[in-house]
Amino acid sequence: MCGRFSLGTTVRVGQVFDVPGWPDLAPRYNIAPGQDIAAVIQNRETASREFRSLRWGLVPFWAKEADIGNRLINARAETVAAKPAFRTLFRERRCLVPADGFYEWERQGRRRQPWHIRLRDARPFAFAGLWDRWQPAEGAPVETVTIVTTEPNALVSRIHDRMPVILPGAEYGLWLDPAVKDVERLHALLRPYPEDEMLAYPV
């Protein structure tokens with residue numbers, strides 16, 4: 001799973017993801033479920049990329065209670081096209097979740113050792129995300145997000161049995177484009193990131 005990540009690198013993030021007007025965000029080194037996180041979506045009408053603040057923990061539009069979001073912080077790549085909570089979003093509401101690292105915990109006997117995992121050059125990257133808008137009985141709509149996970153590469157597999165889907169920059173446009181609804185084409189993007197481009201160190 002992916003239960004914690006960081007976005008400590010905030011300089012030029014808007015340029016990396018081609019988002020005009022990216023806000024001046026404070027560095028965050030331990031982003032947790034239930035918190036608002038930065039995301040990038042593509043506007044259906046203008047086709048431009050936009051910043052969006054989304055709560056981490058998906059609440060599908062049809063949910064009766066917001067508590068379901070506590071269980072939907074991740075979506076498994078293997079079933080994302082079929083599960084009711086994700087299948088429509090997989091075709092229509094995909095987003096990028098900027099990060100510069102994520103955490104996984106390795107079991108070492110009775111203790112668990114946290115590891116921070118990032119790209120070798122420390123540049124920001126994007127998780128594959130799905131988002132939705134939920135309308136409570138009272139109050140304003142709430143926009144939420146889940147991060148897609150997949151099987152681990154060789155580096156991460158020594159620590160954990162899952163890893164978040166990290167999308168190469170060349171695939172951002174395809175993932176964000178709401179006009180792309182080909183499930184097989186999209187599913188092909190949900191693969192482990194090359195381990196030789198990543199580093200892991202204990203924290």
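Biologist: What are the ground rules here?
Modeller: This is a predicted model: local features need pLDDT of at least 70, side-chain atom pairs count only at pLDDT 80 or more, and totals for chains, interfaces and linings use all residues. Residues are numbered from 1 along each chain as its sequence is written, and side-chain values use heavy atoms, with hydrogens and water left out.

Biologist: In what order do the five strands of the open sheet run?
Modeller: The order is 2-1-7-8-13, with antiparallel pairing. Strands are DSSP runs (E, at least two residues), numbered from the N terminus. Two of them pair if DSSP finds at least two bridges between them.

Biologist: Which strands sit at the edges?
Modeller: Strand 2 (28-31) and strand 13 (198-202). Each pairs on one side only.

Biologist: How many bridges hold strand 8 to strand 13?
Modeller: Five bridges join strand 13 to strand 8 (residues 111-119). In strand 13, A200 is the bridge partner of I117.

Biologist: Switching to strand 9. Is it mostly covered or uncovered?
Modeller: Mostly covered: nine of the ten residues in strand 9 (residues 125-134) are buried. Buried means under 20% relative accessible area, exposed over 50%, partly exposed in between (1.4 Å probe, protein chains only).

Biologist: Which strands does strand 9 pair with?
Modeller: Strand 6 (residues 94-99) pairs with strand 9 over six bridges, antiparallel. A99 stands opposite F125 there. Strand 10 (residues 142-150) also pairs with strand 9 over six bridges, again antiparallel. In strand 10, E143 is the partner of R133. Strand 12 (residues 166-167) is joined to strand 9 by two bridges, antiparallel too. I166 in strand 12 stands opposite F127.

Biologist: How many aromatic pairs are there?
Modeller: Eight. Rings of Phe, Tyr and Trp (its six-membered ring) pair if their centres lie within 6.5 Å; planes under 30 degrees apart count as stacked, over 60 as edge-to-face and the rest as tilted. One of the pairs is F17 with Y172, stacked at 5.5 Å centre to centre and 25° between the planes.

Biologist: What does that pair tie together?
Modeller: F17 lies in the loop between helix 1 (13-16) and strand 2, and Y172 in helix 4 (residues 172-176), so the pair ties together parts 155 residues apart in sequence. Helices are DSSP runs too (H or I, at least four residues).

Biologist: Are F17 and Y172 buried or exposed?
Modeller: F17 counts as buried, at 0% relative accessibility. Y172 also counts as buried, at 7%.

Biologist: Which rings are linked into a cluster?
Modeller: F5, W56, F102, F125 and F127.
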